[in-house]
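Keep the structure open while you read.

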Amino acid sequence: MGLLQAGDSFYPTGSYAHSFGLEGLVQEGVVHDRATLKAFFELSTLPALRQAELPLAAQAWRALGEGDWATLGELCVLSSALKTAKEARLASDNIGRQRTELMATLRQHPLAVEFMRRAAAEGWPYSAAVASALEGRVLGAPLPAVLGGIYYATVASLLSAAMKLLRLGQNASQSLLTETLAAAPGIIAAAQQVPRAEIGWFNPWLDIAAARHERADSRMFIS
């Protein structure tokens, strides 16, 4: 139940305020219907989950279990460095900070408190992926469940934003959600095998659109 709470849109997952670059692509005319939205998932969202967000969370979950604070600090820095667009980097930091603080206050768990102490002392940036791993450890959740929660929350959040940005009804969005979730087992399994030195995903198409979106005259989402 704790993981369901942590993945809900009422929790600070960023789904209320952020489109994570999607609005920029809509403004550019690249994403304009269900077919192009599906291509966005296949070419950007799912590869980023497989090569960056899920491996970061998996490595952090393992490091937390081993008390390997040096690796956790490195993962926080790596997570921030992988966000090339300014608002994407700030969003991950803000979301990660809020979720970590909630783990420390709602659960009053010593692991969350120690994480915050070390982050403050050593100047680690916060990370949404690392915060999800921390939630998993605090809640006693196994790694596949943690990664499944990240996968679902990421896809559902983007579809929620897409319904506000495009002419996309509930049936179309739910069918696309079902198709995208079908790929989850393979992507989650592959993400657990990505070594730390190979974590990363770069999509200039999305990053340039997100950077332009930061300076748009009008917009619905922060980024």
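Let's start with a definition: helices are DSSP runs of H or I with at least four residues, strands are DSSP runs of E with at least two, and both are numbered from the N terminus. Residues, for their part, are numbered from 1 along each chain as its sequence is written. What you see is a predicted model, in which local features need pLDDT of at least 70, side-chain atom pairs count only at pLDDT 80 or more, and totals for chains, interfaces and linings use all residues, while side-chain values use heavy atoms, with hydrogens and water left out.

**Charged pairs**

Side chains of opposite charge can pair when their charged atoms come close. A salt bridge here is a side-chain nitrogen of Lys or Arg within 4 Å of a carboxyl oxygen of Asp or Glu. The structure holds eight salt bridges, and the table shows some of them.

| Pair | Closest N and O atoms |
|---|---|
| Arg97 and Asp93 | 3.5 Å |
| Glu114 and Arg117 | 2.9 Å |
| Glu114 and Arg118 | 2.7 Å |

Take Glu114, which sits in helix H6 (residues 110–122) together with Arg117, three residues apart, or about one turn of the helix. Glu114 also pairs with Arg118; those two are four residues apart in helix H6, so about one helical turn separates them.

How open are these side chains? The terms work like this: buried means under 20% relative accessible area, exposed means over 50%, and partly exposed is in between (1.4 Å probe, protein chains only). Glu114 is partly exposed at 22%, Arg118 is partly exposed at 22%, and Arg117 is partly exposed at 46%.

Over in helix H5, Arg97 and Asp93 are four residues apart, so they too are separated by about one helical turn.

**The nonpolar core**

A nonpolar core is a set of buried Ala, Val, Leu, Ile, Met, Phe, Trp, Tyr and Cys residues joined through side-chain atoms within 4.5 Å. The largest one has 59 residues, and Leu22, Leu37, Leu54, Phe115 and Tyr151 touch the most other members. Which helix gives the largest share of this core? That would be H3, with 13 residues.

Leaving out residues up to four places away in sequence, Leu22 touches Val31, Leu37, Phe40, Leu158, Ala162 and Leu165. Thr45, found in helix H3, is buried at 7% relative accessible area. With the sequence neighbours up to four places away left out again, Thr45 touches Phe40, Thr154 and Leu158.

**The empty spaces**

Rolling a probe the size of a water molecule over the atoms shows where empty space is left. On a 1 Å grid over the protein atoms alone, a cavity is a set of points where a 1.4 Å probe fits but cannot get out, and a pocket is an open set with protein on both sides within 12 Å along at least five of seven lines; lining residues have an atom within 4 Å of a point. Grid points are joined across faces, edges and corners, and a volume is the space filled by probe spheres set on the points.

How many cavities of 30 Å³ or more are there? The count comes to one, and the largest cavity holds about 940 Å³ of space. Its lining has 43 residues, with Phe20, Leu49, Glu53, Lys83 and Thr154 the closest to the centre. Helices that each supply at least two of the lining residues include H3 (34–66), H5 (86–106) and H8 (143–165).

To sort the lining by class, Ala, Val, Leu, Ile, Met, Phe, Trp, Tyr, Cys and Pro count as nonpolar, Asp, Glu, Lys and Arg as charged, and the others, Gly among them, as polar. The cavity lining then divides into 22 nonpolar, 14 polar and seven charged residues.

The largest pocket has about 330 Å³ of space. Of the 16 residues that line this pocket, Tyr152, Ala156, Ser157, Ser160 and Gln174 lie nearest its centre. H8 gives the most to the pocket lining, with seven residues, and H8 and helix H9 (170–182) each supply at least two. By class, the pocket lining has six nonpolar, nine polar and one charged residues.

Conventions
Contact = heavy atoms within 4.5 Å.
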